[in-house]
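Welcome, and thanks for taking a look at this one with us. Here is a short briefing to read alongside the model.

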Amino acid sequence: MKLKALLASRKSWTIPYVIFSAIFVVLPLLLIVIYAFTDDTGRFTFENFGKFFSHPEAINTFVYSIGIAIITTALCILLGYPAAWILSNSKLNKSQALVTLFVLPMWVNILVRTLATVALFDFLDLPLGEGALIFGMVYNFIPFMIYPIYNTLQKMDRNYIEAAQDLGANPR
């Protein structure tokens with residue numbers, strides 16, 4: 001009887017997700033932290049950070065990666081926010097179908113999407129460089145920008161927009 005009551009509650013549905021997250025998200029992150037602060041013998045040390053900061057190519061790679069991440073995020077915001085705004089303000093009943101078309105690429109494995117991007121650049125005879133990297137990153141991550149913004153805009157109270165316009169904001 002108690003098991004049936006436990007399985008009937010909606011909170012129990014989160015148990016598999018919590019277990020999965022603990023094993024495949026939290027545990028690997030903890031292992032990274034442990035390995036970052038220990039040496040080969042398992043003693044606590046900051047030596048690994050000293051090694052990292054003493055290699056200029058490691059620092060350059062880190063800074064380059066952060067730069068690519070910033071550019072990708074900025075482009076995803078610049079492309080994703082207008083798309084989400086158009087979808088949320090669409091008067092058509094087809095907006096759910098359009099949202100599905102934007103979210104559909106997330107159903108395909110990221111490796112397949114990346115290989116398709118490489119094949120596209122090869123087909124168009126474009127060089128695979130920094131531009132291709134940024135294009136691929138934006139293509140892979142823009143659904144993760146559009147859908148949350150769309151959900152937020154869809155649930156936003158329209159009275160806020162009217163109040164902002166009453167206070168002098170332009171429609172844009």
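Let's begin with Arg43, which counts as exposed at 56% relative accessibility. Its side chain meets that of Asp39 in a salt bridge, with 3.3 Å from N to O. Please keep in mind that this is a predicted model.

**Salt bridges**

- The structure holds two salt bridges, and one of them is the pairing of Arg43 with Asp39.
- Lys51 and Glu47 sit four residues apart in helix H3 (residues 47-54), so about one helical turn separates them.
- Lys51 is partly exposed with a relative accessible area of 45%, and Glu47 is partly exposed as well, at 46%.

**Aromatic rings**

- Across the whole structure, a search finds 10 aromatic pairs.
- One of these pairs joins Phe44 and Phe46 in an edge-to-face arrangement, 5.2 Å centre to centre and with 80° between the planes.
- Phe44 and Phe46 are both exposed.
- Phe44 and Phe46 also belong to a cluster in which ring pairs link them with Phe37 and Phe49.

**A backbone angle to look at**

- Asp125 is not a glycine, yet it has a positive phi of about 60°.
- You will find Asp125 in the loop between helix H6 (110-123) and helix H7 (130-155).
- Asp125 is exposed, with a relative accessible area of 69%.

**The largest pocket**

- The largest pocket holds about 260 Å³ of space.
- Its lining is made up of 14 residues, and those closest to the centre are Tyr81, Trp85, Ile161, Pro171 and Arg172.
- Helix H4 (56-88) and helix H8 (158-166) are the elements that give two or more residues to this lining.
- H8 contributes the largest share of the lining, with four residues.
- Sorted by class, the lining of the largest pocket has eight nonpolar, four polar and two charged residues.

Terms used
Residues are numbered from 1 along each chain as its sequence is written. This is a predicted model: local features need pLDDT of at least 70, side-chain atom pairs count only at pLDDT 80 or more; totals for chains, interfaces and linings use all residues. Side-chain values use heavy atoms; hydrogens and water are left out. On a 1 Å grid over the protein atoms alone, a cavity is a set of points where a 1.4 Å probe fits but cannot get out, and a pocket is an open set with protein on both sides within 12 Å along at least five of seven lines; lining residues have an atom within 4 Å of a point. Grid points are joined across faces, edges and corners, and a volume is the space filled by probe spheres set on the points. Ala, Val, Leu, Ile, Met, Phe, Trp, Tyr, Cys and Pro count as nonpolar, Asp, Glu, Lys and Arg as charged, and the others, Gly among them, as polar. Buried means under 20% relative accessible area, exposed over 50%, partly exposed in between (1.4 Å probe, protein chains only). Rings of Phe, Tyr and Trp (its six-membered ring) pair if their centres lie within 6.5 Å; planes under 30 degrees apart count as stacked, over 60 as edge-to-face and the rest as tilted. A salt bridge is a side-chain nitrogen of Lys or Arg within 4 Å of a carboxyl oxygen of Asp or Glu.
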